[in-house]
Amino acid sequence: MKKLVIVLLVMGISCSPTNLPESTVTVIAKEMSFAPAEIHVDSSKTVKLILQNNGGAVHDLIVRNLDPIGAPDLHEHNHHQTHSANAEIGDQIHLAAAPGEMASTVVQLKAGRFEYYCSVPGHRQAGMRGLIVVH
Ligand SMILES: [Cu+2]
C-alpha cells in the first residue's frame, strides 16, 4: 500500500537563531513518477527538501542551475548511512535514495520555476519529472 504524504510545514521559527529549516517539502518517488509533480515554496524561507523513495529501484532528484544556500541535513530520520554523501550543494540539487530510503537537503531558492527530474537513465522520459515553483 502506497501512501502519498505531502508535508508542507511552516514552522514559524524566523526569530530562532538555529539552522532549522523554515519549511519542509517531501517528494515521493516511485516507478515512474514523483508526487507531488509540482512543488511550491517560498523564496524567503529555507526549505528542507526530502526525497522519499517508495519505489523498488534507486531514484534521485536533480535540479540544475540553482544557487541554493544551506547545508545537507543527514541526521534526522536517516538511520541508513549508505548514502551519507547523497546531498550536493552547488549550482544544483542532487538527492539519491535507495528503495525504501530517503535523502534530504536544506536549500533556499531564488524565485522562479525549476524543473526537477530523476537522472537514472530512462526515468525522466518515463515521467519522473516535475516542477518547483519558488514564489
Ligand atoms: Cu528514477
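**A walk through one predicted chain**

Let me begin at Pro36, which sits in the loop between E3 and E4. Those labels stand for strands, and strands (E, at least two residues) are, like helices (H or I, at least four residues), runs assigned by DSSP and numbered from the N terminus. The peptide bond that leads from Ala35 into Pro36 is cis, with omega near 0°, and the bond from Glu31 to Met32 is also cis, with omega near -10°. Met32 belongs to the loop between E2 and strand E3 (33-35). I point these bonds out because most peptide bonds are trans.

Residues are numbered from 1 along each chain as its sequence is written.

How confident is the predictor? pLDDT is its confidence in each residue, from 0 to 100, and the chain averages a pLDDT of 78, with 67% of the residues scoring at least 70. Over residues 67-89 the pLDDT is below 50, although the model gives this stretch 44 contacts beyond near neighbours in sequence; by contact I mean that the C-beta atoms of two residues, placed from the backbone, lie within 7 Å. Residues 1-16 also stay under 50, and there the model has 23 contacts beyond four places in sequence.

Now to the overall layout. Among contacts between residues at least 6 apart in sequence, 65% join residues at least 24 apart. Of the 135 residues, 34% count as buried, where buried means that 20 or more other C-beta atoms lie within 10 Å of the residue's own, exposed means 12 or fewer, and partly exposed covers the range in between, with the C-beta atoms placed from the backbone.

Which residues touch the most other members of the largest nonpolar core? They are Val27, Ala29, Leu51 and Leu95, in a core of 27 residues; a nonpolar core is a set of buried Ala, Val, Leu, Ile, Met, Phe, Trp, Tyr and Cys residues joined through C-beta atoms within 7 Å. Several strands supply at least two residues each to this core, including strand E2 (23-30), strand E6 (59-64), strand E8 (92-97) and strand E9 (102-107).

Take Leu51 as an example, which has its place in strand E5 (residues 47-53). Why does Leu51 count as buried? It does so because it has 27 C-beta neighbours inside 10 Å. Its contacts, leaving aside neighbours within four places in sequence, are Val27, Ala29, Leu61, Leu95, Ala97, Met102 and Ala103. Leu51 and Val27 are 24 residues apart in sequence, yet 5.0 Å apart in space, C-alpha to C-alpha. Ala29, for its part, touches a list of residues that includes Phe34, Leu51, Leu61, Cys118 and Met128.

Strand E5 also holds Val47, which is buried because 24 other C-beta atoms lie within 10 Å. Among the residues that Val47 touches are Pro21, Val25, Val41 and Leu109. Between Val47 and Val106, which are 59 residues apart in sequence, the C-alpha to C-alpha distance is 5.5 Å.

Strand E4 (residues 38-41) has a covered face, made by Ile39 and Val41, and an uncovered one, made by Glu38 and His40. Is Glu38 buried or exposed? Glu38 counts as exposed, because it has 12 C-beta neighbours inside 10 Å. Leaving aside neighbours within four places in sequence, Glu38 is in contact with Gly130, Leu131 and Val133.

Those contacts bring us to pairing, which requires that DSSP finds at least two bridges between two strands. E4 pairs with strand E11 (residues 129-134) in the parallel sense over 4 bridges, and the bridge partner of Glu38 in E11 is Leu131. Leu131 also stands opposite Glu115, and 6 bridges join E10 to E11, which run antiparallel. Strand E10 (residues 112-117) pairs in turn with E6, in the antiparallel sense, over 2 bridges, and there Ile62 has Tyr117 as its bridge partner.

Terms used: Predicted model: local features only at pLDDT ≥ 70, side-chain atom pairs only at ≥ 80, totals over all residues. pLDDT = per-residue confidence, 0-100.
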